[in-house]
Amino acid sequence: MGYTLAQVRGLLAAHGRLEGRQNALRLALHAVAAQGDRAAIERLQRELWEDVRP
C-alpha cells in the first residue's frame, strides 16, 4: 500500500464521519421504534432509503 500519511489520515477522518452518521441514523431509528408508531418507522425507512440511493 503506497498511501502517504496525509492520505491515511484523510481516509480515517472520512471513515469517522461516515461512522458517526451511521450511528446517528441508528439512534434515530431506535428512538422512533421505541415510540411504537408504525407509520413513523415506515416514513423514516423511506427517507433513509432515499438517502442511500444513487
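Tutor: Helices are DSSP runs of H or I with at least four residues, strands are E runs of at least two, and both are numbered from the N terminus. Tyrosine 3 lies in the segment before helix H1 (5-35). Threonine 4 lies in the segment before H1 too. This is a predicted model: local features need pLDDT of at least 70, side-chain atom pairs count only at pLDDT 80 or more, and totals for chains, interfaces and linings use all residues. Residues are numbered from 1 along each chain as its sequence is written, and side-chain values use heavy atoms, with hydrogens and water left out.

Student: How many helices and strands does the protein chain have?

Tutor: The protein chain has 2 helices and 0 strands.

Student: What makes the chain more spread out than a compact globule?

Tutor: Take the radius of gyration over C-alpha atoms; the globule rule is 2.2 Å times the number of residues to the power 0.38. For 54 residues the rule gives 10 Å, and the chain has 16 Å, well over that, so it is more spread out than a compact globule. The C-alpha atoms fill a box of roughly 50 × 25 × 15 Å along the principal axes.

Student: Why does threonine 4 count as partly exposed?

Tutor: Buried means under 20% relative accessible area, exposed over 50%, and partly exposed in between (1.4 Å probe, protein chains only). Threonine 4 has 43% relative accessibility, so it counts as partly exposed.

Student: Why is alanine 34 called exposed?

Tutor: Its relative accessible area is 68%, so alanine 34 is exposed. Alanine 34 is found in helix H1. Its C-alpha atom and that of glutamine 7, 27 residues apart along the chain, are separated by 40 Å.

Student: How much of the chain is buried?

Tutor: Buried residues make up 6% of the 54 residues.

Student: What makes the contact of arginine 38 and glutamate 42 a salt bridge?

Tutor: A salt bridge is a side-chain nitrogen of Lys or Arg within 4 Å of a carboxyl oxygen of Asp or Glu. The side chains of arginine 38 and glutamate 42 meet at 2.9 Å, N to O.
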